[in-house]
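Please read them with the structure open.

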Amino acid sequence: MVLWGVIALSILTISPIVLIIYKLVVKGYRQLSFDFLIRNTPDTFEAMTAVSNGEIIPGGIANGIVGTLIMVAMSSIIAIPVGVITGIYLYENSSKAMANITRNISDILQGVPSIVLGLISYLWIVKHITHGFSALAGSVSMSIMMLPMIVRSTEETLKMIPQTLKEAALALGTPYHKVILRVLIPTGFSGLLTGILLGISRILGETAPLMLTALGSSVINLDITKPTSAVPLLIWEFYNDPNMVNLIWSSSLFLMTFVLLLNIISKRFAARRS
């Protein structure tokens, strides 16, 4: 009886996810094509003409894909080293006052609304460094969002590593920094990668901070000091244009598929390293 109850509750839990995925596939597959990945977004007139003729909307989200990849890469370059080093510090100095303060700040950051982080990046980068909306500003806001997950996952992963492993390395005369680089990090690589992946997955779908920082662009822009588009930004723009509603589903389906593939590839890579 209990088993059937657990099965029923499990089905009830995953049913919304299944329905969402089904809706995305049914609504979004028609627009997916090679052109969808390599062409920039169409203008309203092109979309209106295609919709009125019952045709597939021309164009794609190449500008959003390139912008997303640039900002995610820059965010990772900023957040991953800082997050891992901070997590190692918290693990090695867990009882110190500075470690407790850092841990509390990390927890607070994890609960801060993303729009607030976008506003902070706007005041720091947009107003005083790039003097305008830019991919750099968007990357800074997203890197702040990634940090708490990487910090806490790093600390918790290192806590699960047997203390005897570290003691054995030190007993053999291994320098302290090599113990961390050659023993702790490789041993906990799977957990570290999971935390990094969670951080990347979170920022991939963020729109609010990018509205205040990256702003958006109708063409592919490789200059990090200029406004840049992203897939979540394009979804928001499509939502505000009734002629481009079909592109909302296709863009969302692409984003979901991209996150899924990223998870699968990373998990397999981590399993091989382990």
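1. Two cavities of 30 Å³ or more are counted. A cavity here is a set of points on a 1 Å grid over the protein atoms alone where a 1.4 Å probe fits but cannot get out; lining residues have an atom within 4 Å of a point. Grid points are joined across faces, edges and corners, and a volume is the space filled by probe spheres set on the points.

2. The model is predicted: local features need pLDDT of at least 70 and side-chain atom pairs count only at pLDDT 80 or more, while totals for chains, interfaces and linings use all residues. Residues are numbered from 1 along each chain as its sequence is written, and side-chain values use heavy atoms, with hydrogens and water left out.

3. The largest cavity holds about 50 Å³ of space. Its lining consists of Thr 68, Met 71, Val 72, Met 142, Ile 203, Leu 204, Glu 206, Leu 210, Ala 230 and Pro 232. By class these are eight nonpolar, one polar and one charged (nonpolar: Ala, Val, Leu, Ile, Met, Phe, Trp, Tyr, Cys and Pro; charged: Asp, Glu, Lys and Arg; polar: the others, Gly among them). Helices α4 (62–92) and α10 (189–204) each supply at least two lining residues, and α4 gives the most, with three.

4. The second largest cavity has a volume of about 30 Å³. Ser 190, Leu 193, Thr 194, Leu 197, Ser 266, Lys 267 and Ala 270 line it, dividing into three nonpolar, three polar and one charged.

5. Asn 63, Gly 64, Ile 65 and Thr 68 in α4 meet Val 231, Pro 232 and Leu 234 in α12 (contact: heavy atoms within 4.5 Å). This contact has four nonpolar, three polar and no charged residues.

6. Overall, the protein has 13 helices and zero strands, taken as DSSP runs numbered from the N terminus (helices: H or I, at least four residues; strands: E, at least two). The C-alpha trace spans about 75 × 65 × 30 Å along its principal axes. Of the 274 residues, 41% are buried, meaning under 20% relative accessible area (1.4 Å probe, protein chains only).

Notes. On a 1 Å grid over the protein atoms alone, a cavity is a set of points where a 1.4 Å probe fits but cannot get out, and a pocket is an open set with protein on both sides within 12 Å along at least five of seven lines; lining residues have an atom within 4 Å of a point. Buried means under 20% relative accessible area, exposed over 50%, partly exposed in between (1.4 Å probe, protein chains only).
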